[in-house]
Amino acid sequence: MNWRAKHLLGIEHLGPDEITTLLDLADQYVSLNRQQIKHRDTLAGLTQINMFFENSTRTQASFELAGKRLGADVMNMAMQASSIKKGETLIDTAMTLNAMHPDLLVVRHPHSGAVNLLADKVNCAVLNAGDGRHEHPTQALLDALTIRRAKGRLHRLSIAICGDIAHSRVARSNILLLGKMENRIRLIGPPTLMPSQVAEFGVEVFEDMREGLQDVDVVMMLRLQRERMDGGFIPSEREYYHRYGLDAEKLAYAKPDAIVMHPGPMNRGVEIDGTLADDINRSVIQEQVEMGVAVRMAAMELLIQARQPKGVLV
Ligand code: NCD
């Protein structure tokens with residue numbers, strides 16, 4: 001097994017061999033999660049603390065289930081009601097938690113880089129559950145597992161990432177991961193929603209959806225992230241849907257067996273047609289959620305193993 005990382009802060013620091021190791025282990029957890037009894041003792045006796053400074057439904061639930069299925073003691077901090085609201089800094093909160101000896105800290109934070117900062121201050125493994133526009137590594141890994149299972153491979157595929165790229169940590173982590181695994185990546189969206197450094201990404205950029213979707217294997221849609229916009233990035237939601245919303249007509253430009261993905265939460269009728277999102281012949285959106293639990297189980301197990309003193313078997 002090839003795994004060296006002590007924290008999972010981003011895809012940036014992972015090698016292709018580590019990505020493959022994690023996905024192979026996650027595949028085994030998909031099988032376990034489909035059985036009636038889903039329990040393992042891999043993390044028994046260990047403590048996992050989830051700190052979400054931004055709202056989350058699926059990511060938080062997924063990390064909580066993943067820890068519980070591996071036997072960890074899982075605690076969800078109610079960050080809205082925490083001492084942060086009384087003026088405590090992120091670092092002070094981290095130091096306080098560190099004194100309680102957790103083994104795994106799962107953190108989501110609105111500021112890019114906040115999770116890396118925190119990882120420097122604590123003794124345990126830190127998993128980034130999304131920091132600002134920076135990275136969301138477990139989302140990219142669960143997307144990769146979904147693609148690998150649907151397409152039978154994770155290399156030399158043509159993958160379109162569409163919509164609000166500029167504000168998306170999901171896009172950033174996916175561009176890094178899919179690039180490391182040698183796929184062809186196309187970014188599709190209006191120029192106002194493209195990151196300024198897009199030329200450095202080694203990807204093709206399209207403004208026209210139909211042109212960009214031509215013959216792709218995978219169509220990954222992104223949510224229009226209003227909460228990160230401070231001005232007029234799009235004319236109107238209606239106009240946006242007309243030009244960039246994925247529906248059956250636009251999808252027809254992709255390969256006939258192309259799959260449709262979305263990290264959720266979805267804005268039906270804004271970036272994606274609701275009927276298409278529910279079409280089990282094309283959409284793998286529910287599989288993505290299923291893969292999420294398995295990928296997070298694998299990630300936590302590998303981080304804990306990487307921290308065992310040499311020679312100790314787990
Ligand atoms: C994403 C996120 O939070 O970055 N959602 C998720 O984790 N499933 C994408 C989004 O919010 O649009």
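## Ligand contacts

A backbone N or O atom of glycine 264 is placed 2.9 Å from a nitrogen atom of the ligand. The protein covers 95% of the 320 Å² of accessible area that the ligand has on its own. These values come from a predicted model.

For histidine 136, a polar side-chain atom lies 2.7 Å from an oxygen atom of the ligand. For arginine 169, an N or O atom in the side chain is 2.8 Å from an oxygen atom of the ligand.

## The pocket and its shell

The largest pocket is where the ligand sits. Two elements give two or more residues to the shell around the ligand: helix 2 (58-69) and helix 6 (169-180).

The residues around the ligand include Arg58, Thr59, Arg108 and His136. Also among them are Gln139, Arg169, Val170, Arg223 and Gln225, as well as Pro263, Gly264 and Pro265. By residue class, the shell holds three nonpolar, five polar and four charged residues. Arg58, Arg108, Arg169 and Arg223 are the charged ones, because Arg counts as charged.

## A cis peptide bond at the ligand

Glycine 264, whose backbone contacts the ligand, is joined to proline 265 by a cis peptide bond. The omega angle of this bond is about -5°. Proline 265 belongs to the loop between strand 9 (259-261) and helix 10 (274-277), and both Gly264 and Pro265 are among the residues around the ligand.

## A positive phi angle

Which residue has a positive phi although it is not a glycine? Histidine 101 does, with a phi of about 55°. Histidine 101 is found in the loop between helix 3 (90-98) and strand 3 (104-109).

## The aromatic pair

The structure contains one aromatic pair. Its members are tyrosine 240 and tyrosine 244, with 5.6 Å from centre to centre and 35° between the planes.

Helix 8 (residues 237-244) holds both tyrosine 240 and tyrosine 244. They are four residues apart, about one turn of the helix.

Conventions
Residues numbered from 1 in each chain as written. Predicted model: local features only at pLDDT ≥ 70, side-chain atom pairs only at ≥ 80, totals over all residues. Heavy atoms only, no water. Near = heavy atom within 4 Å. Polar contact = N/O pair within 3.5 Å; in protein donor to acceptor, adjacent residues only side chain to side chain. Areas by Shrake-Rupley, 256 points an atom, 1.4 Å probe, with all protein chains shown as cover. 1 Å grid on protein atoms, 1.4 Å probe; cavity = no way out; pocket = protein on both sides within 12 Å on 5 of 7 lines; lining within 4 Å. Sits in = over half its atoms within 2 Å of the grid points. Phe/Tyr/Trp six-rings, centres within 6.5 Å; stacked < 30°, edge-to-face > 60°.
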